[in-house]
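Dear colleague,

Please find the structure below for your records. I would be grateful if you could read the notes that follow alongside it.

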Amino acid sequence: TATVDAFQSAVTLGARVVHFAGHGHEKFMMFEDDHGGAQTLDPTVLRNRVSACGAETCKLVVLNSCKSEDVGRAFVAAGVEHVVAVAQNQNHGRISDRAGIEFCRAFYRSLANMDSLRTAFDIGCAAAQNTQGSDGRFILLPEDQPHDEPIFSEIPGSFHETTRPPPPSNAPPPPTFYVGRDSELWLCVESILNHRLTTIGGGYGSGKSALAMAAADYASQHRRFDAVVWVNVTTADRFFDDVAEAAKYVIQKAEDDHLNPMNKKMMHIKKRSTSIDTADTSALDTSILVDLASAGRVLVVLNDFENLVLNGFGGQGVAAAQIAARERCRLLLRGLLESCSNLKVLMTCSSFSGIGQVHGVTEQIIPLGRMTDDHTAFLLLQRDPELKRRATNPNRLQPPPIAPPHVVTMCASHPFIKRLKGQPYAVGLGVAILNKLFAYERMAKEVCEGAGASATPPPLSRLEPLDRALR
């Protein structure tokens, strides 16, 4: 994790190469704090810290982040001999993720081949230029130096992977295009790190499960927990059975991974079946979850927990049944949280007010409102490549990898976007409608061409498909 402490430790302990990958800004370097938030250092403070830590052994700093040229010059001023950064004077200092990845892959491969820094840099730049949609460029600082020395020398022996693997988890990966919920994700991560019970509340289709997936992914990738258990809640009668089955799966993953630090802790755990009487929460058998939590910190994600409330535990969904169901949910959560102090719960719930009044814990609620029109438009464009192609340039055969900002702005002002009401689920329905229109259009075009009709030119309006979708 790119924290200030990790950065200072790398420089102080004599790292020859320091590589930074993250968000960039022309006025400061952005790190991550202990709660998943941002911590910034301006160039002056950065230069002083690097100088104080001793930059003599640090030969190379690579800043794989946008608008990093000024920050790179601060490293040069602190005494670092070679710095790679992103130039400010092209594409507004921006570089695409793909270009950054391709540059680093080629750059470090060349350095490992004992090439000079200049040679490796040129090879990396050539690889980045071959990336579609990249207009930014890297710069090698200081410009008046030849950079003709190799950074690495041959090291005898063999190399061993020492990176700690991510914790065992059965959580599904977050959506490929996850937009519009950055602030909610930060609040969610901060809450699960500091509180025992966090609830994501929002209406149907607002993206509660997607946010839970993103938070679980963050917890796994940043090693904030020793295990992540994702539970798709089905019925009240099977609540702890669902939890136990998910926990068993995670334990099995830990046992199968010999490199995972949880493996040794799991060797002495007996997997016991759970038989529960839902009439009495004191009789609930949570032994397998206790065993898992005894090996480390565990995050339990209860997805679709609101079903237990909405269905009224077998009732007809009337107010009295839902009140009883909500109280029953509190008892189930209480039994789960009391099973082990190492356990934290993240759940999704349709109520913006959460479950409420769970004995012994304070529920932290992350409410999900509607996305902005810009985020809604961007999500729609990214999920429908054909719409993105037509809105960007209908004369091109392929859409750009990322929808250009001016296209997103144009699309966001269309009435079709207003109809979606900022709901991710509604965006999915919109994509289905548009794809059906495009399919009918292709079929009609093939029929016309088969009858000898001439090809029709593209419509004057690039958002004409959205006009048709409103009809």
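The notes below concern salt bridges and one arginine.

This is a predicted model, in which local features need pLDDT of at least 70, side-chain atom pairs count only at pLDDT 80 or more, and totals for chains, interfaces and linings use all residues. Residues are numbered from 1 along each chain as its sequence is written, and side-chain values use heavy atoms, with hydrogens and water left out.

The count of salt bridges (a side-chain nitrogen of Lys or Arg within 4 Å of a carboxyl oxygen of Asp or Glu) comes to 14. One of them pairs Glu26 with Lys67 at 4.0 Å, N to O. Because Glu26 lies in the loop between strand 2 (24–25) and strand 3 (28–32), and Lys67 in the loop between strand 5 (60–64) and helix 3 (69–77), this pair ties together parts 41 residues apart in sequence. Helices (H or I, at least four residues) and strands (E, at least two) are DSSP runs, numbered from the N terminus.

Glu81 and Lys59 also form a salt bridge, at 3.0 Å, N to O. Glu81 is in the loop between helix 3 and strand 6 (82–86), and Lys59 is in the loop between helix 2 (43–53) and strand 5, 22 residues apart. Lys59 is partly exposed at 27% relative accessible area, as is Glu81 at 33%; buried means under 20%, exposed over 50%, and partly exposed in between (1.4 Å probe, protein chains only).

Finally, Arg223 sits in the loop between helix 7 (208–221) and strand 9 (227–232) and counts as buried, at 18% relative accessibility.

Yours sincerely
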